[in-house]
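Let's take a look at how the chains of a protein model sit against one another. Have the sequence and the 3D view open while you read.

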Amino acid sequence: MPDIETRLAALEQRLRDAEDRLAIYQLIASYGPAVDSLDGAAVSGLWTEDGVYDTQSRPFRGRADIAGIVNTALHRSYVERGCGHVMSLPQITIDGDKAVATGYSNVFTGEGGHWRVERTSSNRWELVRTRQGWRVKHRLNRLLDGTIGPREILARGVQSHPIQETE
Amino acid sequence: MPDIETRLAALEQRLRDAEDRLAIYQLIASYGPAVDSLDGAAVSGLWTEDGVYDTQSRPFRGRADIAGIVNTALHRSYVERGCGHVMSLPQITIDGDKAVATGYSNVFTGEGGHWRVERTSSNRWELVRTRQGWRVKHRLNRLLDGTIGPREILARGVQSHPIQETE
Amino acid sequence: MPDIETRLAALEQRLRDAEDRLAIYQLIASYGPAVDSLDGAAVSGLWTEDGVYDTQSRPFRGRADIAGIVNTALHRSYVERGCGHVMSLPQITIDGDKAVATGYSNVFTGEGGHWRVERTSSNRWELVRTRQGWRVKHRLNRLLDGTIGPREILARGVQSHPIQETE
């Protein structure tokens, strides 16, 4: 049986990893409510000051640019019809103060009493631990339209997230 | 280095928070299977005895009323066509024995060999810790139909869930 | 106040449970990126060597068979149109080195600039802890088409996952 100091140190390290995963779930789950309530500051606050959100239409660079996403004509038209940006449960791999998450995002928009799947995308989130907690350094988002690029985001995810015990 | 007692107490508190988050994920993930298998008792058992489920059509008040959701004509018609109530990964903020969760719910129903997005809603879950574990005190659910009310549920979520380290 | 040994042992056991839940989330979140990037080895590596994936069309038995899923004409047609296999946040119950998870899966496929809900299914994942971490022993997947069978997967989930405190 290891001594008390060893066991405490192991617990502290393992718990830190679990907390990191839960904090990253929380971060990713925060994108939808922020963007769908047109809160540009809340959206951009998920990123680092110099973070990048590389979308299908163009890369948004830095918090001021990212905050402006809620004012684009496309996004406004979604919100006027009724809009939910739903992120999937992501795969996460943590390496010290950096992490990568891979997952899907769906945008559902209103369409005459029902909703349609406006977008289905693959996402790679590159995250960093800051003094304020985990933030997005770079998010890559591409529509799963049958071309190779969006699938490669998923393929990189497979490489980034080896399936093994978390401890 | 803090002493052993201090480290143990910190670990116990931090682990409690992580467990609470996982228990709330589990609670919210339990709604769909309960309602889609027409198990009214399992649905209402997620709420406190005096809990409220405030839906688009009307508020359901207390467990007996909530259990009856599975017998409404609308819900029965969904289940007959094939139905999945899918909750998104929620944002969660815990404050002692209370918690708030914010997220989306989608209802997918069968439509001639494929499925359609019957409903896309915003949700605010107000939760309490009971002797039996976390339960729903109040769930507010509104269709994201382009009006302001459903978006305000998401805006309240942004205010309720500040993005910061969980520890 | 319990003694230090008792508190350490309790922390170790509780943390193990939290880690198991997070590892199972990660495993289930890994299915989509593997199958949608046509990586048969990554798909089958989620299962045990003798694992079974019992789908609507037929059971796939063992890793070699399961890996072949990415080469079926149906799956290839999905990927060519653009495809996302999105797993829901699952319910999980752990019993030592075994676990059961219940949840939904949606397949979204491209359709002329938008996406459609190609499939909405119920899933029962029977998992085992191996030396390499949690793996799928048996996954049962059925389309929620209004018939009783797929709903019974959800009803079994309700029985498998009693709602109570995780600790």
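At what angle do α1(A) and α1(B) pack, and how far apart are their axes? The angle is about 30°, and the axes are 10 Å apart.

## Before we dig in

This is a predicted model, where local features need pLDDT of at least 70, side-chain atom pairs count only at pLDDT 80 or more, and totals for chains, interfaces and linings use all residues. Residues are numbered from 1 along each chain as its sequence is written, chains are lettered from A and ligands numbered from 1 in the order in which they are written, and side-chain values use heavy atoms, with hydrogens and water left out.

## Helix against helix

Back to that first pair. Two packed helices are described by the angle between their axes and the distance between the axes. Axes here are lines fitted to C-alpha atoms, for helices over the stretch in contact, with angles running from 0 to 180 degrees between N-to-C directions. Helices (H or I, at least four residues) and strands (E, at least two) are DSSP runs, numbered from the N terminus. The way α1(A) passes α1(B) is left-handed, meaning that the near helix is turned anticlockwise from the far one by less than a right angle.

Who does the touching? On the α1(A) side the contact includes I4(A), L8(A), L15(A) and Y25(A), and on the α1(B) side it includes R7(B), L11(B) and A18(B). Contact means heavy atoms within 4.5 Å. Sorted by class, this helix pair brings together 14 nonpolar, 1 polar and 7 charged residues. Ala, Val, Leu, Ile, Met, Phe, Trp, Tyr, Cys and Pro count as nonpolar, Asp, Glu, Lys and Arg as charged, and the others, Gly among them, as polar.

Now try α1(B) with α1(C): their axes come within 10 Å and cross at roughly 30°. This crossing is left-handed. Among the residues making the contact are E12(B) and L22(B) from one helix, and R7(C) and R14(C) from the other.

## Where chain C meets chain B

Here 41 residues of chain C are in contact with 46 residues of chain B. Together the two chains bury about 3500 Å², 62% of it on carbon and sulfur atoms. Buried area is the accessible area (1.4 Å probe) that two parts lose on being put together, summed over both. On the chain C side, R7(C), L89(C) and I163(C) lose the most area to chain B, together 19% of what that side buries.

The rule finds 3 salt bridges across this interface, each a side-chain nitrogen of Lys or Arg within 4 Å of a carboxyl oxygen of Asp or Glu.

## Where chain A meets chain C

Between these two chains, 41 residues of chain A are in contact with 46 residues of chain C. About 3500 Å² is buried, and carbon and sulfur atoms give 62% of that. R7(A), L89(A) and I163(A) supply 19% of the area that chain A buries against chain C, more than any other three residues.

Which residue of chain C forms a salt bridge with R14(A)? Look for E19(C), with the closest N and O atoms 2.8 Å apart. The largest share of the chain A side, 10 residues, comes from α1(A). By class, that side divides into 20 nonpolar, 11 polar and 10 charged residues.
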